Amino acid sequence: MNYRPISHSLIDKFLLMESSGTTMKMAMPFGEQVDVSSDESSSSDGDDHKAESEQMSNNIAVNQVVEELVSEGTKTICDHLDMFKCESEHMSDNLNIGQDVEELVSEDAFLRRARMYQEYMQLVPIPTQTHSSIPCTSWAGLAASIKKLYGQPLHYLTNLCIKQRDQMRIGADDEVDPLEMLIHPTKAESSIWLMEEVHRRTSSPHYLAKLWLADPMYHVYIDPIFPKLQNPSK
């Protein structure tokens, strides 16, 4: 960083003023006799008045020089502060750019994962035949039984909805009652498969990536079940 020094011309001017004032204020040598007559009293008064005027002029000039020095010094400090401020803002901008790049890379990675996941889930066929009745006490229990019986994973969004269905029952009058006593098991299973078909066929990878970015535990709702696909190329 280049600092702009205070102008030397102002300092020289200040020193010149001080030297002139000092010369004028020098006293006569001690012990030297000086004869002062009455005729010279008026002349002496005039000289004193002239000296006072010159001293006042010198004081004004010195004050001006000092003010200029202070003003220039203040301006120099302000310039330096502005330079520091610009550098700080530049560093902050660089940090923000770095964070933006990192976020873009992260979003791109999650989008690729979401696209691969969605393409895979679209290849897993929805069962054409279902079991007549699966005993269940909760939506989560029913979903676990479906995964085990059919050997298929349920979609990430389906697992989220199943969790929400169980949470919806908290505080209800029939909270402790088994789910099969409230909804027929066949209807309950059919509702899960209908929801699963919607999620497999219509979910957007961009929407999934957005959810995964916001939830560091998103992988908990992705089932580690990989059925064999008969026609993976279709």
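Predicted model: local features only at pLDDT ≥ 70, side-chain atom pairs only at ≥ 80, totals over all residues.

Biologist: How are E196 and R200 placed in helix α6?

Modeller: Helix α6 covers residues 185–202, and the two are 4 residues apart in it, which means a separation of about one helical turn. Helices are DSSP runs (H or I, at least four residues), as are strands (E, at least two), numbered from the N terminus. Both E196 and R200 are buried, a word for under 20% relative accessible area; exposed is over 50% and partly exposed is in between (1.4 Å probe, protein chains only).

Biologist: What makes R201 exposed or buried?

Modeller: R201 has a relative accessible area of 59%, so it is exposed. Its salt-bridge partner is E197, with the closest N and O atoms 3.3 Å apart. E197 has 31% relative accessibility and therefore counts as partly exposed. This pair also sits 4 residues apart in helix α6, about one helical turn.

Biologist: How many salt bridges are there by this rule?

Modeller: The count is 4. Among them is the bridge between D223 and K147, at 2.9 Å from N to O. D223 is in the segment after α7 and K147 is in helix α3 (residues 139–150), so this bridge ties together parts 76 residues apart in sequence. D223 and K147 are both buried.

Biologist: Why is the pair of Y117 and W212 called edge-to-face?

Modeller: Rings of Phe, Tyr and Trp (its six-membered ring) pair if their centres lie within 6.5 Å; planes under 30 degrees apart are stacked, over 60 edge-to-face, and the rest tilted. The centres of Y117 and W212 are 5.7 Å apart and the planes are at 70°, so the pair is edge-to-face. Y117 belongs to helix α2 (residues 41–123) and W212 to helix α7 (residues 205–214), 95 residues apart. Y117 and W212 are both buried.

Biologist: What are the values for Y156 and Y221?

Modeller: Their ring centres are 6.4 Å apart and their planes at 75°, so this pair is edge-to-face. Y156 is in helix α4 (residues 156–168) and Y221 is in the segment after α7, 65 residues apart. Y156 and Y221 are buried. By the ring rule there are 7 aromatic pairs, and one aromatic cluster is formed by F110, Y117, Y156, W212, Y218 and Y221.

Biologist: How do you know that the charged end of R165 sits over the ring of W139?

Modeller: The rule asks for NZ of Lys or CZ of Arg within 6 Å of the ring centre and within 35 degrees of the ring normal. The charged end of R165 is 4.3 Å from the centre of the W139 ring, so the distance meets the rule. R113 lies over the face of F110, at 5.1 Å from the ring centre.

Technical notes. Residues numbered from 1 in each chain as written. Heavy atoms only, no water. Salt bridge = Lys/Arg side-chain N within 4 Å of Asp/Glu carboxyl O.
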